[in-house]
Amino acid sequence: WNTRYQELEEYQAEHGNCLVPHKYPPNPALGMWAKTQRREYSVWKNEKGKSSITPERIKLLERIGFAWSARGHFGNQTK
């Protein structure tokens with residue numbers, strides 16, 4: 001988790017956001033990890049205790065501007 005978080009920090013520094021597409025050719029694992037974090041957060045919100053995400057990790061992600069919903073952010077990107 002920490003390795004991907006560091007990669008997300010690097011992505012954020014380069015792109016100015018944390019909207020990693022789930023199909024991100026330069027780092028496919030980061031894209032899938034970001035998608036997983038969003039899914040786990042949704043489970044955490046709706047079914048407390050049934051998610052692998054922790055409040056500490058949520059705070060870390062929010063600190064760097066992680067978007068819990070990527071809907072509408074990607075538009076018609078061709079990447």
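Close-up 1. Beyond its neighbours within four places in sequence, Gln37 is in contact with Trp1, Ile53, Leu61, Phe66 and Trp68 (contact: heavy atoms within 4.5 Å). The model is predicted: local features need pLDDT of at least 70 and side-chain atom pairs count only at pLDDT 80 or more, whereas totals for chains, interfaces and linings use all residues. Residues are numbered from 1 along each chain as its sequence is written, and side-chain values use heavy atoms, with hydrogens and water left out. Gln37 lies in helix H2 (helices are DSSP runs of H or I, at least four residues, numbered from the N terminus). With a relative accessible area of 6%, Gln37 is buried (buried: under 20% relative accessible area; exposed: over 50%; partly exposed: in between; 1.4 Å probe, protein chains only).

Close-up 2. Helix H2 covers residues 28–46. The buried residues of H2 are Leu30, Gly31, Trp33, Ala34, Gln37, Arg38, Glu40 and Tyr41. These buried residues pack against H1 and helix H3 (55–63).

Close-up 3. Asn46 is exposed, at 57% relative accessibility. The side chain of Asn46 reaches the backbone oxygen of Ser42 at 2.9 Å.

**Close-up 4. Packing of helices H1 and H2.** Two packed helices are described by the angle between their axes and the distance between the axes. H1 and H2 pack at an angle of about 100°, and their axes are 10 Å apart (axes: lines fitted to C-alpha atoms, for helices over the stretch in contact; angles run from 0 to 180 degrees between N-to-C directions). The two helices, H1 and H2, are therefore roughly perpendicular to each other (roughly perpendicular: 65 to 115 degrees). From H1, Arg4, Tyr5, Glu7, Leu8 and Tyr11 meet Ala29, Leu30 and Trp33 of H2.

**Close-up 5. The salt bridge between Glu7 and Arg4.** The structure holds one salt bridge (a side-chain nitrogen of Lys or Arg within 4 Å of a carboxyl oxygen of Asp or Glu). Glu7 forms a salt bridge with Arg4, and their closest N and O atoms are 3.0 Å apart. Both residues, Glu7 and Arg4, lie in helix H1 (residues 2–15), where they are three residues apart, about one turn of the helix. Arg4 is partly exposed, with a relative accessible area of 25%.

Notes
A polar contact is a pair of N or O atoms within 3.5 Å; within protein, one must be able to donate a hydrogen and the other to accept it, and residues adjacent in sequence count only if both atoms are side-chain atoms. Angles under 35 degrees count as roughly parallel, over 145 as roughly antiparallel, 65 to 115 as roughly perpendicular and the rest as oblique.
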